[in-house]
Amino acid sequence: MAASGCRGVRSILWKYGSYGKNLFVSRSKMVPQLPLRQIYVASSLWKKNLAAAGPQKFTQEFIDKQVEEFEVGKRHLANMMGEDPETFTQEDIDRSIAYLFPSGLFEKRARPVMKHPEEIFPKQTAIQWDAEGRPFHFLFYTGKQSYYSLLHDVYEKILAIERHQDKMRNKGLFTSDTKQILLTGSRWLLKEEIEENLVENISVQDYMRLIQLMELLLSMPYCSLEEEFILKFRKQLEVQSSKYEIPALQYDPQGVAFSVADGRRKSAKASITLRDSGSGNITINGRNYLHYFPVLQNREQLMFPLLFVGMMGRFDIEGSVEGSGHSAQAGALRLAISRALLSFVSEGEVEKMRQAGLLTADPRIRERKKPGQEGARKKFTWKKR
Amino acid sequence: MHFLFNFDNTHLSTYHSEGHSGQYYTLPPTHIQKLFPYGLPPRFQLQIKTFNEGCVMVRPPALELISYLKRADYSKPPLRYVLYGDIGTGKTMSLCHALHYCYSQGWLIVHVPDAHLWVKNCKELLPSSSRPSRFDQPIQASQWLKNFKITNERFLSKLKTTQRYVWTKRESTEKGQPLGELIDQGVNRMKSSSDVVGAVLRELRLQAGGATEGEGAFKLAVAVDGVNALWGKTSLKKEDRTMPEELTLIHNLRKMMKNNWSGGAILTALSQTGSVFKPRSAYLPSELLGEEGFDNMEPFVPVSVSNYNEKEFESCYLYYLDRNWLQHPHSRSEEGKKELIFLSNKNPSILERLCAFL
């Protein structure tokens, strides 16, 4: 049984009797549209880990046939849309399907989809014992063979590094300040993501154990030898502030710079023109902001972005807002002002504004009223009998 | 740049000129008690109590008014001045400033602090004793008579009635009685107080420009705040919940507003805050007075009052700092000042309310 010694994490064993083909393919599943709160949710959280559920449900021939049909269908689709079949990418497929089968369903996952069978059919483990009933992997009887084999691998690496350390000490070349692995801007894979990779269910304690082992590996001075291995278990975080598109700075006929931006809050929409070299007048819907917002709190909301950036008396603001109530309108205007300010402000300031929460759109919306209740949360009077 | 004039003020109002704009001057406490028992805006009265003195900023609209008053010809019918402007820009304060000038010049003051009070929220509404279709407001009338008495003490003994007034079967005031008696009559007998008010106004009208020199000469200043109440709708109702056709006090005041007498001036200010059934954004004379009011008041001299400009704002800010009114340490910095400018948009009343809790 040749499973040992392999860096096996996931066994996509499609064919009977083949072993050793343990490929580690890091799948980046397409991440569905996330709500704008910055909680990172992996798609694997939402899908049941069907793969680890039971034995093979689809035969390899079936999968192969599906792949063939998919390829053929792709070419047909390209012909239909009048494009070149050779250079027809997945994005083009998505676009064409959305055009040919328009769907009004709200749930995006329920709409018609044409994707490669690998993405649709869940990965499954093949039968893990041979014709006589003997398992291939030496750790089969632990129940979580991939997980334990992974732990074994990590420990092997730790031992290898220790041996390397001793060798260096013997030679007298031991130094503590070796090349360290850069870990900023990345995080450990979540338990669900590891489960997905291992095609097995693991418990929380197992996950903690694995992370502890990895940390131990990292704590050793010569861990840079296994950098590649470790980085497979880290996921890069995107730099948030690069996601904001800064509205372009336009120029008036007189040469005055101005920028236009929009903002929304709770069904109130606002649109703003921020003009440079002004004197701090603010006109909203044609009226002075003092008349439009008699409440102090709303005027404070308007003031906050300008105060934060320190450009209080510099701009003239002309805005139009509609919908919702006065607080929501003030919030929408504030977001619009912050966005318009991005084009007048430096990079570091943009990051500061993001951290201050000026650029985040408030996702709170009016909660739906449910049937059987008075309102969103209020219930009817409870009668004991 | 602000400058407190701490010495004797009676002459100072005459010397206010353009150069003093933005500076504060103190109202002497005796004057405040006599002239403005109910005349000043309530928040300003609170401020007087807190700071233990009443300081008024000298501003262009008031200066304009005072200059007109200085140059007007008092043998001709009186000029009507209307102070108009946005809410909270200082119309009532400018009116009081000009009135203080008149008082210090020795004029006779007829001051209606807020005409809106006569048009809404009246507790008692009696059918008039003299005319069947009119309605009286005894409480408001007697209140006003008391204030009038306090303000114009020295004139009361000098002026005499010109005709005989009959109040009820048993009471009447003969011709030639001093005005003080008339007023006492009104204060004591609540039922006929509104008619007394009418009589007093009539007397004053007749006698204002009458004698050019000598004992009886005086100039009459009629100051009405919230003039638009006179021609607007009332929110009062009779007992059977229909609208009253006419109110005595309003009727008499309207007569006063006409310029068929001479020897004085009519100073008025519009007011949206107390007005009944008027939208908040209306501040121009045509909007607030309505057609009828506008026609009646025509011709008039409009004086517009606006928010503070830079200099005035500075002055107000320094005044509050001087009096330790701005407690928060941040408000003393440049940043804090910019915040104040933004949040209040240099509107006097909003600035005052802002600073009140700093």
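The following chat walks through a predicted model, beginning with chain A and moving on to cores, a sheet, cysteines and a helix in chain B.

User: Before we start, how are things numbered, and what is counted in this model?
Analyst: Residues are numbered from 1 along each chain as its sequence is written, and chains are lettered from A and ligands numbered from 1 in the order in which they are written. This is a predicted model, where local features need pLDDT of at least 70, side-chain atom pairs count only at pLDDT 80 or more, and totals for chains, interfaces and linings use all residues, while side-chain values use heavy atoms, with hydrogens and water left out.

User: Okay, how many helices and strands are there in chain A?
Analyst: Chain A has 11 helices and eight strands, where helices (H or I, at least four residues) and strands (E, at least two) are DSSP runs numbered from the N terminus.

User: And what share of chain A is buried?
Analyst: Of the 385 residues in chain A, 36% are buried, where buried means under 20% relative accessible area, exposed means over 50% and partly exposed lies in between, using a 1.4 Å probe and protein chains only.

User: Which residues have the most contacts inside the largest nonpolar core?
Analyst: The largest nonpolar core has 54 residues, and those with the most contacts inside it are B:Leu108, B:Val110, B:Trp144, B:Phe148, B:Leu204, B:Leu220 and B:Val222. Such a core is a set of buried Ala, Val, Leu, Ile, Met, Phe, Trp, Tyr and Cys residues joined through side-chain atoms within 4.5 Å. Helix 9 (residues 193-208) of chain B gives the most to this core, with seven residues. A second, separate core of 52 residues includes A:Ile272, A:Phe293, A:Met312 and B:Phe51.

User: What does B:Val110 touch?
Analyst: Leaving aside residues up to four places away in sequence, B:Val110 touches several residues, among them B:Trp144, B:Phe148 and B:Leu201, with contact meaning heavy atoms within 4.5 Å.

User: Switching topic, what is the strand order in the open sheet of chain B?
Analyst: The three strands of this open sheet run in the order 5-6-10, with mixed pairing, and two strands pair if DSSP finds at least two bridges between them. Strand 5 (126-127) and strand 10 (246-247) of chain B stand at the edges with a single partner strand each, so one side of each has no neighbour in the sheet. Strand 5 pairs with strand 6 (residues 134-136) of chain B in the antiparallel sense over two bridges, and B:Pro127 stands opposite B:Phe135 in strand 6.

User: How many disulfides are there over all chains?
Analyst: A search of the whole structure finds zero, a disulfide being a pair of cysteine sulfur atoms within 2.5 Å. For B:Cys316, the nearest cysteine sulfur is that of B:Cys355, 6.6 Å away, and B:Cys316 is buried, with a relative accessible area of 2%.

User: Which residues of helix 13 in chain B are buried, and what covers them?
Analyst: The buried residues of helix 13 (residues 334-344) of chain B include B:Gly336, B:Leu340 and B:Phe342. Their cover includes strand 6 (282-284), helix 8 (289-292) and helix 9 (296-309) of chain A, together with helix 12 (310-322) and helix 14 (348-356) of chain B.

User: What comes after that helix?
Analyst: Helix 13 of chain B is followed by B:Asn345, whose phi is positive, near 50 degrees. B:Lys346, found in the loop between helix 13 and helix 14 of chain B, has a phi near 60 degrees, a positive value in a residue other than glycine.

User: Is B:Lys346 buried or exposed?
Analyst: B:Lys346 counts as buried, at 19% relative accessibility.
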